[in-house]
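Hi there,

Here is the structure I promised to pass on to you. Have a look at it first, and then read my notes below.

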Amino acid sequence: SLPISNLRYWVLGLPAPQLAYKPKFDIYNHLVSLQQQGWKINYSDFVAVNNIDLPTTILLNNANLQIKIVVKQWDLKSTL
């Protein structure tokens, strides 16, 4: 099952708090992959919003499920 409480963080390109994780960063310090709670999350295609680089393509994978999230537009007022 998908840990919905973690999804908010993962979509923003952040690890869920208080849980162990294994990150991988690119040369721009973007989080490009994250392993947490049995899931591997891959991030690509970042866009700058109010001087914050946010991912626009997020792939979530575990042993039984693959989910792709594509963000067409960020609205930080309702996100943060």
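**What I found**

E3 and E4 run antiparallel and are joined by nine bridges. Strands (E, at least two residues) and helices (H or I, at least four residues) are DSSP runs, numbered from the N terminus. Two strands count as paired if DSSP finds at least two bridges between them.

Before going on, please keep in mind that this is a predicted model, where local features need pLDDT of at least 70, side-chain atom pairs count only at pLDDT 80 or more, and totals for chains, interfaces and linings use all residues. Residues are numbered from 1 along each chain as its sequence is written, and side-chain values use heavy atoms, with hydrogens and water left out.

**The sheet**

Aspartate 45 is another residue to look up: its phi is near 55°, a positive value in a residue other than glycine, and aspartate 45 sits in strand E3.

If pairing is new to you, strands of a sheet pair through backbone hydrogen bonds, either parallel or antiparallel.

You can walk through the other pairs in turn:

- E1 and E2 pair in the antiparallel sense over four bridges. Lysine 22 has glutamine 35 in E2 as its bridge partner, and proline 23 has leucine 34 in E2. The hairpin of E1 and E2 has five residues between the strands, and asparagine 29 takes a positive phi near 70° there.
- E2 and E3 are also antiparallel, over four bridges, with serine 33 opposite asparagine 42 in E3. Their hairpin has two residues between the strands, and glutamine 37 in the turn has a positive phi of about 55°.
- E4 and E5 run antiparallel and are joined by five bridges, with valine 70 in E5 as the bridge partner of threonine 57. Four residues lie between E4 and E5 in their hairpin.

The structure holds one aromatic pair. Tryptophan 10 and tryptophan 39 form this tilted pair, at 6.4 Å centre to centre and with 50° between the planes. The pair links distant parts of the chain: tryptophan 10 is in helix H1 and tryptophan 39 in strand E3, 29 residues apart. Rings of Phe, Tyr and Trp (its six-membered ring) pair if their centres lie within 6.5 Å; planes under 30 degrees apart count as stacked, over 60 as edge-to-face and the rest as tilted.

**The largest pocket**

The largest pocket has a volume of about 270 Å³. A pocket is an open set of points, on a 1 Å grid over the protein atoms alone, where a 1.4 Å probe fits, with protein on both sides within 12 Å along at least five of seven lines; lining residues have an atom within 4 Å of a point. The volume is the space filled by probe spheres set on the points, which are joined across faces, edges and corners.

Enjoy exploring!
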